[in-house]
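Take a walk through this fold with the coordinates open.

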Amino acid sequence: MEVLATGAGELSPTLRDAAVRCLRWNSPQRQTRQNPSERPVPVSLADLAVAIERGDRALVLFMNDVGYATCDVESPGTDRESGGGATEPWPNGEWLPGPVQRLLLTSTESDGGDVSVSGRVSRRVHRLVLDHGDGHTTAARLSEGVFGLMSSDARLRAGNASELVSYDVGGVEIDRRPLFQAEDQLEYCYAGLGWEADLRQIDQWLPTRREVATVVPVEG
């Protein structure tokens, strides 16, 4: 069973614990920057964009006009403190490198296993799936320009050509990119984001007004 929330209104106790832990791990006092001129990203529970709980793992993503914070939390609701995350100010906040921007990728094994992925999508994207590379897929949960994805018993491997695949409202594939490859290492680049070879279209990120959503049980 997977539990999904797209706002802070009615989080389950374990999702709320995961959100609070992520905020603590990414508090301005704990954030460090390679560039001293970059200010910390202050996020709060009101900035929660998506939260997903599957088994003993939870994925949360916060974002505001300054930047984002996102975490994969293991065993929320217990005394165990384990997980990973990322927080950054927006380098190009209104623009995406194509229809999808990955903000966090964590895995249960060094070369794959199950993964947790969060990020942003443009309005062109109606559906986003993880193609495992072995004939199986995992669907991402989309909400107002952001997405979260947690696989279960996927047994992914870096060599399996796992890919994030996005589709428009008509079901036409519009983008396919390797899951385990950083965006700045792709074979193609995006105009206007500091890269100049084999240019592709950048997408504007225009989320709709965020509403507080209830927690919805989702089979899968």
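This is a predicted model: local features need pLDDT of at least 70, side-chain atom pairs count only at pLDDT 80 or more; totals for chains, interfaces and linings use all residues.

The structure holds one disulfide. Cys22 and Cys71 form the bond, with their sulfur atoms 2.1 Å apart. The angle about the S-S bond is 80 degrees, and the link is right-handed.

Now step back to the whole chain. The protein has one helix and 19 strands. It has 220 residues, and 49% of them count as buried. The protein exposes about 10900 Å², of which carbon and sulfur atoms supply 47%. Consider contacts with a separation of 6 or more: residues 24 or more positions apart account for 61% of them.

The structure holds one aromatic pair. Tyr68 and Trp90 form this pair, which is tilted. Where do the two partners sit? Tyr68 is in strand 4 (residues 67–74). Trp90 is in the loop between strand 5 (82–89) and strand 6 (95–96). The pair links distant parts of the chain, 22 residues apart. Tyr68 counts as buried because its relative accessibility is 8%, under the 20% cut-off. Trp90, at 14%, falls under that 20% limit too, so it counts as buried.

Trp90 has another neighbour. Arg120 lies over the face of Trp90, at 4.0 Å from the ring centre.

Next comes Leu103, which touches both Tyr68 and Trp90. Arg120 is also among the residues that Leu103 touches. What else does Leu103 touch, beyond residues up to four places away in sequence? The list also includes Leu61, Met63, Thr70, Ala86, Ser118 and Gly119. Leu103 has 10% relative accessibility, so it counts as buried. The C-alpha atoms of Leu103 and Thr87 are 8.7 Å apart, and these residues are 16 apart in sequence.

Leu103 lies in strand 7 (residues 100–109). In a regular strand, side chains alternate between the two faces of the sheet. Follow this strand to its partner. Strand 7 pairs with strand 8 (residues 112–121) in the antiparallel sense, over eight bridges. Thr106 has Ser116 as its bridge partner in strand 8.

A second hairpin deserves a look. Strand 14 (residues 163–167) and strand 15 (residues 173–178) run antiparallel, joined by five bridges. Val165 has Arg176 as its bridge partner in strand 15. This hairpin has five residues between the strands. Gly171 takes a positive phi there, near 85 degrees.

Arg127 lies over the face of Tyr167, at 4.3 Å from the ring centre. Tyr167 falls within the residue range of strand 14.

How values were computed
Residues are numbered from 1 along each chain as its sequence is written. Side-chain values use heavy atoms; hydrogens and water are left out. Helices (H or I, at least four residues) and strands (E, at least two) are DSSP runs, numbered from the N terminus. Buried means under 20% relative accessible area, exposed over 50%, partly exposed in between (1.4 Å probe, protein chains only). Contact means heavy atoms within 4.5 Å. Two strands pair if DSSP finds at least two bridges between them. Accessible areas come from the Shrake-Rupley method with a 1.4 Å probe; for residues, only the protein chains shown count as cover. Rings of Phe, Tyr and Trp (its six-membered ring) pair if their centres lie within 6.5 Å; planes under 30 degrees apart count as stacked, over 60 as edge-to-face and the rest as tilted. A charge sits over a ring if NZ of Lys or CZ of Arg is within 6 Å of the ring centre and within 35 degrees of the ring normal. A disulfide is a pair of cysteine sulfur atoms within 2.5 Å.
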